[in-house]
Amino acid sequence: MPASAPLTVAVAQPACAEPGRPDTVAVNVGRHAAAVRAAGTARLVVFPELSLTGYDLAAPSVDPSDERLAPLVAACAETGATALVGAPVTDPDGRDFIATLAVTGTGASIACRKMNLYGNEPERFAAGDRPALLELDGRRLGLAICADAANPGHAELLSGLGAEAYVASTLYGTNPEALATKAARYPARAADNGVWVVLATAAGASGEFADSSGGSGVWAPDGSEVAKAGTGTGEVVTAVLG
């Protein structure tokens with residue numbers, strides 16, 4: 001098979017609006033749209049877990065057809081990017097999921113439902129029952145949401161399905177244990193499976209978290225670091241997947 005063409009990706013860690021306000025989602029959408037534009041020619045812009053609401057397990061679900069997403073759809077239309085954003089969603093059968101929405105210049109759709117739940121999440125949310133692959137420019141991208149990446153078998157499963165990159169949307173605290181886990185996990189997922197790893201993780205306050213780690217990044221298939229953001233909010237870092 002011919003080699004895949006290079007793919008420019010970006011990871012973004014925008015400041016998250018205070019949870020529970022009537023305008024929380026709208027404010028976050030505006031910040032997401034600005035990050036997409038700041039990512040320039042990136043074809044894929046990845047955001048943290050539950051990025052549209054913050055890590056607020058009581059936040060109302062976001063429908064992919066919600067008109068509040070219009071500014072982000074417009075930014076994707078302007079730049080040609082696909083944005084992966086986090087939100088709670090409700091399926092037609094009434095079950096709620098922690099999800100990743102894929103937003104393009106034509107609208108939004110559910111791209112991934114979190115399979116491995118954490119902490120109090122099962123009190124509201126159901127676990128996704130199938131791995132998620134996104135195809136973009138001929139590349140197969142395996143999608144993960146936070147605790148999914150804690151399970152080595154999740155990345156292995158997606159690699160076995162042909163994923164060339166493991167794309168994770170996460171949130172980590174700032175305590176030493178969380179920081180050490182994050183630092184070790186993503187180079188390992190890359191090297192163990194021979195795939196690119198793209199990590200978007202929250203910075204600053206996010207819902208129930210008064211602070212989070214930042215440090216989004218990209219790792220090559222040998223586990224070496226290609227790009228990394230700092231700990232602050234508002235950072236957007238790009239890399240080319242060869």
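User: Let's start with Asp-91: is its side of the story buried or exposed?

Analyst: Quick note before we dig in: this is a predicted model, where local features need pLDDT of at least 70, side-chain atom pairs count only at pLDDT 80 or more, and totals for chains, interfaces and linings use all residues. Asp-91 has 12% relative accessibility, so the word for Asp-91 is buried.

User: Which residue does the side chain of Asp-91 meet in a salt bridge?

Analyst: A salt bridge needs a side-chain nitrogen of Lys or Arg within 4 Å of a carboxyl oxygen of Asp or Glu. The partner of Asp-91 sits 3.2 Å away, N to O, and is partly exposed at 27% relative accessible area. That partner is Arg-113.

User: How many residues apart in sequence are the parts that Asp-91 and Arg-113 tie together?

Analyst: Helices (H or I, at least four residues) and strands (E, at least two) are DSSP runs, numbered from the N terminus. Asp-91 lies in the loop between strand S3 (82–90) and strand S4 (96–104), while Arg-113 is in strand S5 (residues 107–113). So the pair ties together parts whose separation in sequence is 22 residues.

User: Which residue forms a salt bridge with Arg-140?

Analyst: Arg-140 is partly exposed, at 31% relative accessibility. The closest N and O atoms of this pair are 3.5 Å apart. The partner is exposed, with a relative accessible area of 57%, and its name is Glu-135.

User: Arg-189 is buried yet has no salt bridge; what is the nearest side chain of opposite charge?

Analyst: For charges, Lys and Arg count as positive and Asp and Glu as negative; His and the chain ends are not counted. Arg-189 is found in helix H5 (residues 176–193). The nearest side chain of opposite charge is 4.7 Å away, and it belongs to Asp-192.

User: Which residue's backbone oxygen does the side chain of Arg-189 reach?

Analyst: A polar contact is a pair of N or O atoms within 3.5 Å; within protein, one must be able to donate a hydrogen and the other to accept it, and residues adjacent in sequence count only if both atoms are side-chain atoms. Here the distance is 2.9 Å. The backbone oxygen is that of Ala-149.

User: Within what arc do the buried residues of H5 fall?

Analyst: The buried residues of H5 are Ala-178, Lys-182, Arg-185, Tyr-186, Arg-189, Ala-190 and Asn-193. They line one face of the helix, because seen down the axis of H5 they fall within an arc of 110°. The arc is that of the directions from the helix axis to the C-beta atoms. On the face turned away sit exposed residues, among them Glu-177 and Asp-192, and the arc asked for is 110°.

User: And in helix H2, what arc do the buried residues cover?

Analyst: In H2 (residues 70–79), the buried ones are Leu-72, Val-73, Ala-75 and Cys-76.

User: Which residue just after H2 takes a positive phi?

Analyst: H2 runs over residues 70–79. Just after H2, a phi of about 80° turns up, and the residue that takes it is Gly-80.

How values were computed
Residues numbered from 1 in each chain as written. Heavy atoms only, no water. Buried < 20%, exposed > 50% of the residue type's maximum accessible area, 1.4 Å probe, protein only.
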